[in-house]
Amino acid sequence: GPCTECSCSSGKETDKDTSNTKKKENGDRSFIPKIFFGTRTHKQISQITRELKRTMYSSVPMTILSSRDHTCIHPVVSSSVSNRNEMCVELLDGKHGKSCLYYHGVHKLSEHHALQAAHRMYQAWDIEDLVSLGKKLRACAYFAARELMVGADIVFCPYNYLLDPQIRESMEINLKGQVVILDEAHNIEDCARESVSYSVTESQLRAAREELDFMVNNKIRQKDHEALLGVCCSL
């Protein structure tokens, strides 16, 4: 029933958001929130999943969200040092007439975990386990981990996946009505600061100044570019 002992809004919920409704359309089954477990580093996620495997909750459906740096198995993209994200997007868009065959095999990984769960063989796993299985099945571990989030009860990820609104949106993370656990939360301040900060080099500033100078001299939206040029010069 409604909560009357404290000031929480559990008895006054009016939001129509389908992902957070208290009862599902197909019956009176209560909404069960996911647990989002945020850590500072990927190494800490490995430690936590190792401990989870030792508990009675090892068979609980889970997933680990991480970057392409840790999960991409495409031989060309994964060998790139700096622009893995851009190369991945280009392959998915088929810009150069090529596509990623590993991406098209994502369902193989999700089906594998579903099969394990059905036979009660499901065990907590780590990123390395998922990547290894992805290579074996020729399936993308990065997108498989995101797909597994739909049926997962617990989702492990770095802090910034929960704190940075842009990353939350790109990863389709909705925290409303969910349980959020932040490990070593005294590091949150630094992470939050990084999420709303941006770094530029002197060479980038010089390049921007030259381009803006060209725009002003050629009278291209001169009024707008003069103001930006002034900012670059002052920096």
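With a relative accessible area of 37%, Lys 108 is partly exposed; the classes are buried under 20%, exposed over 50% and partly exposed in between (1.4 Å probe, protein chains only). The model is predicted: local features need pLDDT of at least 70 and side-chain atom pairs count only at pLDDT 80 or more, while totals for chains, interfaces and linings use all residues. Residues are numbered from 1 along each chain as its sequence is written, and side-chain values use heavy atoms, with hydrogens and water left out. The C-alpha atoms of Lys 108 and Leu 137 are 6.8 Å apart, although 29 residues separate the two in sequence. Residues up to four places away in sequence not being counted, Lys 108 touches Leu 137 and Ala 139; contact means heavy atoms within 4.5 Å.

**View B. Ala 141, a buried residue of helix H7**.
Ala 141 is found in H7 and has 0% relative accessibility, which means that it counts as buried. Apart from neighbours within four places in sequence, Ala 141 is in contact with Thr 71, Leu 109, Leu 130 and Val 131. Between the C-alpha atoms of Ala 141 and Asp 129, which are 12 residues apart along the chain, the separation is 9.7 Å.

**View C. The largest nonpolar core and its member Trp 125**.
The core consists of 42 residues, a nonpolar core being a set of buried Ala, Val, Leu, Ile, Met, Phe, Trp, Tyr and Cys residues joined through side-chain atoms within 4.5 Å. The members that touch the most other members are Met 62, Ile 64, Leu 65, Trp 125, Phe 156 and Ile 173. Helix H7 (residues 141-148) supplies the largest share of this core, with six residues. Trp 125 touches Thr 49, Met 62, Thr 63, Ile 64, His 113, Leu 130 and Leu 148, when residues up to four places away in sequence are not counted. In soluble globular proteins, nonpolar side chains tend to be buried together.

**View D. Ser 66, a buried loop residue**.
Ser 66 lies in the loop between strand E2 (62-64) and helix H2 (68-71). Its relative accessible area is 3%, so Ser 66 is buried. The contacts of Ser 66, not counting residues up to four places away in sequence, are with His 42, Thr 71, Ile 127, Tyr 142 and Tyr 161.

**View E. Ser 99, a partly exposed loop residue**.
The loop that holds Ser 99 runs between helix H4 (84-93) and helix H5 (106-118). The relative accessible area of Ser 99 is 48%, which places the residue in the partly exposed class. Ser 99 touches Leu 91 and His 104, with residues up to four places away in sequence not counted. C-alpha to C-alpha, Ser 99 and Val 89 are 9.7 Å apart in space and 10 residues apart in sequence.

**View F. Two residues with positive phi, Glu 184 and Arg 221**.
Glu 184, a residue other than glycine, has a positive phi near 50 degrees. Glu 184 sits in the loop between strand E4 (179-182) and helix H10 (188-195) and, at 34% relative accessibility, counts as partly exposed. For Arg 221, also not a glycine, phi is positive at about 45 degrees. Arg 221 is placed in the loop between H11 and H12 and is exposed, with 58% relative accessibility.

**View G. The packing of helix H11 with helix H12**.
The axes of H11 (residues 202-217) and H12 (residues 222-234) come within 9 Å and cross at roughly 150 degrees; axes are lines fitted to C-alpha atoms, for helices over the stretch in contact, and angles run from 0 to 180 degrees between N-to-C directions. H11 and H12 are therefore roughly antiparallel to each other, a term for angles over 145 degrees, with under 35 counted as roughly parallel, 65 to 115 as roughly perpendicular and the rest as oblique. From H11, the contact is made by Leu 205, Ala 208, Arg 209, Leu 212, Asp 213, Met 215 and Val 216, and from H12 by Gln 222, His 225, Glu 226, Leu 228, Leu 229, Cys 232 and Cys 233. By class, this contact has nine nonpolar, two polar and three charged residues; Ala, Val, Leu, Ile, Met, Phe, Trp, Tyr, Cys and Pro count as nonpolar, Asp, Glu, Lys and Arg as charged, and the others, Gly among them, as polar.

**View H. The protein chain as a whole**.
The chain has 12 helices and four strands. Of its 235 residues, 33% count as buried. Among contacts between residues at least 6 apart in sequence, 72% join residues at least 24 apart.

How values were computed: Helices (H or I, at least four residues) and strands (E, at least two) are DSSP runs, numbered from the N terminus.
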